[in-house]
Amino acid sequence: MSSENTNNSIVVDGLGVAAEHPVFLLRMREPVIFPFALTSVPVDGRNNLNALDGAMRDDRLVAVFNEVPQTDELNRLPFPGTLSQFNDSGVQRAAVGALARVVKEIRMPDNSRRIVVRGLKRIIGISMLKGVNEAPMVRYRVMPESGSDNFSNDNLGRQKGVVRMFQELLQFQPGIPEELQLAVVGAASPSRCADTLADAMNFAYAEKLMLLTAPNVEARLDMLTVLLNRELEAGKLGMQIQADVQESMGASQREFYLREQLKVIRKELGEISSNADVAELTERLSKVKVPEKVEETVKKELDRLELIPQNAPEYHISYNYISWLLDVPWLKFSEDRLDCREAEKILEADHFGLTDVKVRILEFLAVMQRRNEEGAGKAPILCLVGPPGVGKTSIGRSIANAMHREFIRVSLGGVRDEAEIRGHRRTYVGAMPGRVVQNLKRCGTGNPVFMLDEVDKLAHDFRGDPASALLEVLDPEQNFAFNDNYIELPLDLSKVFFIATANVLEEIPGPLRDRMEIISLPGYTALEKHEIAKRYLVKRQLRECGLDPKQVKFRASALNEIIDYYTMEAGVRTLERTIGQICRKITRKLVAGEIAETEKLAVDAKMVRSLLGARKFLRDKATPPAPGCATGMAWTSVGGVVLPVETLAVPGGKGNLKLTGSLGKVMQESAETAFTFIRSRAGEWGVKPEFFNDHDFHIHVPDGATPKDGPSAGITLALALCSLLIRTPLIPKLAMTGEITLQGNVTAIGGVREKLVGALRAGITRVIVPEENRKDVEELPENIRTALKIDFVKNFAEARNIAIPEVPR
């Protein structure tokens with residue numbers, strides 16, 4: 001037993017008892033522990049934890065004394081009574097507590113502790129003291145039972161009454177465990193019965209504390225009688241409320257039955273419905289042409305709508321559903337004009353260039369025209385892929401104009417909910433069909449040109465994957481019976497001409513990409529941009545700014561200035577905005593009187609610079625000839641550019657290779673491959689092996705802030721290193737592209753069109769291209785092929801003979 005160093009007496013009115021040996025003290029508010037009950041108790045606070053540690057080292061006995069509830073809680077007790085208490089360092093505690101034994105100690109992951117205790121006896125605190133580690137202890141004595149004998153006839157009668165009320169309560173609280181029922185019914189004594197019920201029932205804290213501190217069995221059983229009677233009254237009230245609800249539901253069912261009878265009577269008498277909404281929908285059904293299955297569904301829903309009260313929520317849900325079924329153009333189609341010659345005229349009038357794209361589209365229209373004459377065929381599903389601003393959306397609109405079809409455009413960028421495509425279930429509040437059905441209703445025909453814009457920017461999360469939902473829409477083998485979650489009837493989409501657009505082909509999921517015919521739209525060349533601006537953009541911006549085309553004219557030098565130094569894009573959106581900016585500035589000067597209304601203006605390069613300020617972009621230039629330097633070609637999202645490469649040998653090194661310029665992993669590997677190949681062939685040019693052992697080599701690609709990657713700079717790196725070793729510059733105005741292997745072979749690359757256009761803009765006159773890309777060059781416009789001298793090579797030796805004619809053989 002721990003040594004005693006402090007002794008404070010507990011003064012309790014009316015409880016004069018002698019002290020027994022001390023035990024460790026746990027102070028808490030809840031729960032209340034009763035004799036014979038197993039209770040889980042959280043232990044916190046330094047004093048309680050020290051007391052628990054002391055008890056676990058000793059005999060596992062603890063004394064639990066609860067905090068006295070607030071006065072308002074005591075005032076709400078359903079029975080009169082007083083609570084004996086004492087002051088514990090400013091906190092009032094009940095004078096009667098429980099002696100308990102710790103059965104199990106549990107340490108939680110968050111370092112908190114919890115114990116399971118079994119109540120033993122009611123005890124009265126006599127005095128408080130402190131043990132080892134300042135652990136609180138208390139002297140106690142077992143509380144004597146006053147009043148009549150535990151097994152007196154009065155107490156046994158009270159026990160039977162309490163048990164009977166508990167059994168009656170079971171029908172209102174079916175969740176009470178069977179073990180508890182058996183423990184209450186089979187209690188060995190009235191005292192044991194009272195404590196079992198007091199612990200198990202969901203009474204308030206103040207009520208449980210009064211049951212613990214009651215001086216005898218009679219008082220506890222009387223309190224339980226009051227509390228159980230209260231629970232019984234609450235249960236009966238709940239049962240009455242439930243019966244009233246069921247009666248109300250029964251009245252609704254009776255009303256439904258009577259309305260069904262009324263419907264039969266009206267049908268026999270041939271009376272017209274008195275519901276104006278039903279009459280309206282019936283009239284609409286008679287005027288539209290729908291499939292047989294849809295007509296059956298509409299009639300069934302109309303019969304149901306007539307029986308639903310108009311103020312019921314289900315009425316509006318049913319009305320909206322019928323209205324949607326009648327609005328969808330099930331069998332309404334616009335008459336196609338499948339005339340390839342007329343379509344070609346429209347495409348040429350609306351778009352300049354893009355010859356390959358126009359040919360592909362006209363081929364599809366020719367097939368549709370042919371199959372339509374034979375009475376069969378499904379609309380194709382195209383995917384236009386290209387950088388922003390190249391005319392993907394406008395081409396779709398031109399196709400619709402050529403075919404005399406309605407045009408629908410739906411932007412899918414950022415759509416992450418599958419219900420946007422398939423619609424919501426009708427059970428949800430505010431449910432609607434998906435975007436496919438909504439837009440078919442909006443256009444009013446079942447065969448529009450339907451553009452799904454930005455399919456590469458679809459998102460997905462816990463609400464579903466809209467890209468997967470599009471699989472059914474864009475699959476010709478499935479979309480003849482598309483199922484919208486709201487409509488719940490098969491909808492034929494096989495006549496719809498779907499056109500998807502995307503900026504990056506690789507971002508489209510594979511299964512979705514597999515269902516579409518891909519048509520690539522490359523970026524425009526500078527010459528094409530000049531013609532587009534001249535034919536379309538200038539006229540449109542002059543009209544929008546209220547300027548007379550006869551008064552304001554853009555010279556070729558002005559358009560070239562804007563294209564070369566104020567825009568950097570694959571498309572023409574920024575070009576049109578910049579032209580519009582110039583037109584607005586001219587309009588402001590006219591309104592302000594700075595320019596006379598009769599004065600004619602010729603916008604040239606000088607005026608462009610005065611209106612727009614300093615040039616925003618610098619034009620690419622070929623690398624000046626120098627040993628160790630070469631000019632490559634690269635493809636970016638805004639078109640082709642030239643890529644200068646610089647190499648240097650640093651004396652006093654060990655043959656190490658250093659790469660700088662924000663190079664990606666693939667380009668680094670390409671540089672290492674080129675270096676290894678050149679090192680293996682250096683002896684042919686009179687370079688001794690010791691040169692590589694005594695020097696470090698540095699390869700740098702300028703514009704280090706821009707990331708660069710890809711294998712197509714391999715031949716450029718190899719020729720730059722060769723030029724460095726033999727101290728001979730490459731021929732001027734030469735650019736090259738191609739991947740190099742360790743055997744010196746030059747293999748195919750991508751983006752040939754964009755790269756050659758970029759080289760042409762930079763003033764390059766001669767280019768080296770892999771032989772395997774000859775087919776790509778042959779598809780280029782004639783003006784590009786004639787402006788450049790294009791050399792096709794198979795290996796490094798052929799490229800070296802072109803780039804460095806004086807190299808030692």
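Predicted model: local features only at pLDDT ≥ 70, side-chain atom pairs only at ≥ 80, totals over all residues.

**Stop 1: the largest cavity**

Start with empty space. Rolling a probe the size of a water molecule over the atoms shows where such space is left. A search of the whole structure turns up seven cavities of 30 Å³ or more. The largest has a volume of about 150 Å³. Select Met568, Asp620, Gly640, Val641 and Arg761: of the 13 lining residues, these are the closest to the cavity centre. Now colour the lining by class.

The largest share, three residues, comes from β20.

**Stop 2: the second largest cavity**

Select Tyr524, Thr525, Gly639, Gly640 and Val757. These lie nearest the centre of the second largest cavity, which is lined by 16 residues. Its volume is about 130 Å³. Show α18 (526–544), β20 and α25 as cartoons; each supplies at least two residues of the lining. Here α25 gives the most, with five residues. By class, this lining has six nonpolar, five polar and five charged residues.

**Stop 3: two paired strands**

Stay with β20, and select residues 639–651. Pick Trp635 and look across to β20: Gly640 stands opposite.

**Stop 4: aromatic pairs**

Now look for rings. The structure holds nine aromatic pairs. Select Phe450 and Phe498. Their ring centres are 5.4 Å apart and their planes meet at 40°, so this pair is tilted. Tilted pairs fall between the two cut-offs: under 30 degrees counts as stacked, and over 60 as edge-to-face. Phe450 lies in strand β12 (residues 449–453) and Phe498 in strand β15 (residues 497–502), so the pair ties together parts that are 48 residues apart in sequence. Both Phe450 and Phe498 are buried.

Next, select Phe677 and Phe796. This aromatic pair is edge-to-face, with 5.2 Å from centre to centre and 75° between the planes. The pair links distant parts of the chain: Phe677 belongs to helix α22 (residues 665–681) and Phe796 to helix α28 (residues 796–803), 119 residues apart.

Phe677 has 1% relative accessibility, so it counts as buried. Phe796 has 3%, so it counts as buried too.

Then select Phe675, Phe691, Phe692 and Phe697. Together they form one aromatic cluster.

**Stop 5: charges over rings**

Finish with two arginines. Select Arg192 and Phe36. The charged end of Arg192 sits over the ring of Phe36, 4.2 Å from the ring centre. Then select Arg774 and Phe792. Arg774 lies over the face of Phe792, at 4.1 Å from the ring centre.

Note on methods: Residues numbered from 1 in each chain as written. Heavy atoms only, no water. Phe/Tyr/Trp six-rings, centres within 6.5 Å; stacked < 30°, edge-to-face > 60°. Helix = DSSP H or I, 4+ residues; strand = E, 2+ residues; numbered from the N terminus. Buried < 20%, exposed > 50% of the residue type's maximum accessible area, 1.4 Å probe, protein only. Lys NZ or Arg CZ within 6 Å of the ring centre and 35° of its normal. Pairing = 2+ DSSP bridges. 1 Å grid on protein atoms, 1.4 Å probe; cavity = no way out; pocket = protein on both sides within 12 Å on 5 of 7 lines; lining within 4 Å. Points joined across faces, edges and corners; volume = space filled by probe spheres on them. Nonpolar A, V, L, I, M, F, W, Y, C, P; charged D, E, K, R; others polar.
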